[in-house]
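Trainee: I have a chain to go through before the meeting. Could we take it residue by residue and then look at the whole?

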Amino acid sequence: KEEGDTLFKAANFEGAIKAYTKCLDSISDKSSPLALKCYGNRAACYKQLSNFDGTIEDSTNVLEYKPDDVKALMRRAQAYEACERYKSSLQDVRQVIAYGV
C-alpha cells in the first residue's frame, strides 16, 4: 500500500494501480481496513485515468462494507456522471447530503 501511495503522489497512477492490486491480492479479508483503503486509493487512480468503470467498481467495494464513506460516494457519483448514469450519480450525491457533509 505504501508503494502505491508513493506512486500516486508522483502521479504514476498506472504503477499505483498495480501496487494497490498486489496489496489486495495478498489480503484474504476484503472488508479489512487495509483492503478498503486500497480499494479507495485504487478508485482514485482509476478516476485520474478516466477509467470510470474501475472507479465505480472499487468505490462500490468500499461502500459495501462502509456505506457512509463520503469519498467513495463522491468518487462514484462523479464516475456515474461521466458515464451519463445521472440517476445513480444523483442518488450518491443525495446520500452525501443526507450525511450532512
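Mentor: Start with Pro67, which touches Leu73 and Tyr99 when residues up to four places away in sequence are not counted. Contact here means heavy atoms within 4.5 Å. This is a predicted model, in which local features need pLDDT of at least 70, side-chain atom pairs count only at pLDDT 80 or more, and totals for chains, interfaces and linings use all residues. Residues are numbered from 1 along each chain as its sequence is written, and side-chain values use heavy atoms, with hydrogens and water left out.

Trainee: Where is Pro67 found, and is Pro67 buried or exposed, or partly exposed?

Mentor: Pro67 is found in the loop between H4 and H5. Helices (H or I, at least four residues) and strands (E, at least two) are DSSP runs, numbered from the N terminus. Buried means under 20% relative accessible area, exposed over 50%, and partly exposed in between (1.4 Å probe, protein chains only). The relative accessible area of Pro67 is 49%, so Pro67 is partly exposed.

Trainee: What distance separates the C-alpha atoms of Pro67 and Ser32?

Mentor: Along the chain, Pro67 and Ser32 are 35 residues apart. Their C-alpha atoms are separated by 14 Å.

Trainee: Which residues does Leu73 touch, leaving aside those up to four places away in sequence?

Mentor: Leu73 is found in helix H5 (residues 70-82). Its relative accessible area is 3%, so Leu73 is buried. With residues up to four places away in sequence not counted, Leu73 touches Leu63, Pro67, Asp92, Gln95, Val96 and Tyr99.

Trainee: How far apart in space are Leu73 and Val96, C-alpha to C-alpha?

Mentor: Val96 is among the residues that Leu73 touches. In sequence, Leu73 and Val96 are 23 residues apart; in space, C-alpha to C-alpha, they are 6.9 Å apart.

Trainee: How far apart in space are Asn61 and Cys83, C-alpha to C-alpha?

Mentor: Asn61 lies in helix H4 and touches Leu36 and Tyr39, not counting residues up to four places away in sequence. Asn61 and Cys83 are 22 residues apart in sequence, and their C-alpha to C-alpha distance in space is 18 Å.

Trainee: Why does Asp58 count as buried, and which residues does Asp58 touch beyond those up to four places away in sequence?

Mentor: Asp58 is found in helix H4 (residues 52-65). Asp58 is buried because its relative accessible area is 1%. Not counting residues up to four places away in sequence, Asp58 touches Tyr39, Arg42, Ala43 and Tyr46.

Trainee: What is the phi of Ala11?

Mentor: Ala11 is found in the loop between helix H1 (2-9) and helix H2 (13-25). With a relative accessible area of 49%, Ala11 is partly exposed. Ala11 is not a glycine, yet its phi is positive, at about 65°.

Trainee: And what value is the phi of Ser50 near?

Mentor: Ser50 is in the loop between helix H3 (33-48) and H4. Its relative accessibility is 47%, so Ser50 counts as partly exposed. Ser50 is a residue other than glycine with a positive phi, near 60°.

Trainee: How many disulfides are there by the distance rule?

Mentor: A disulfide is a pair of cysteine sulfur atoms within 2.5 Å. The cysteine sulfur closest to that of Cys23 is in Cys38, 3.3 Å away, which is too far for a bond. For Cys45 the closest cysteine sulfur is also in Cys38, at 10 Å, again too far for a bond. By this rule the count is 0.

Trainee: Are Cys23 and Cys45 buried or exposed?

Mentor: Cys23 has 10% relative accessibility, so Cys23 counts as buried. The relative accessible area of Cys45 is 0%, so Cys45 is buried.

Trainee: Now the whole chain: what is its radius of gyration?

Mentor: The chain has 6 helices and 0 strands. For 101 residues the globule rule gives 13 Å, and the value for the chain is close to that, so the chain is as compact as a globular protein of that length. The radius is taken over C-alpha atoms, and the rule is 2.2 Å times the number of residues to the power 0.38. The radius of gyration of the chain is 13 Å.

Trainee: What percentage of the residues in the chain is buried?

Mentor: The C-alpha atoms fill a box of roughly 35 × 25 × 20 Å, taken along the principal axes. Of the 101 residues in the chain, the buried ones make up 41%.
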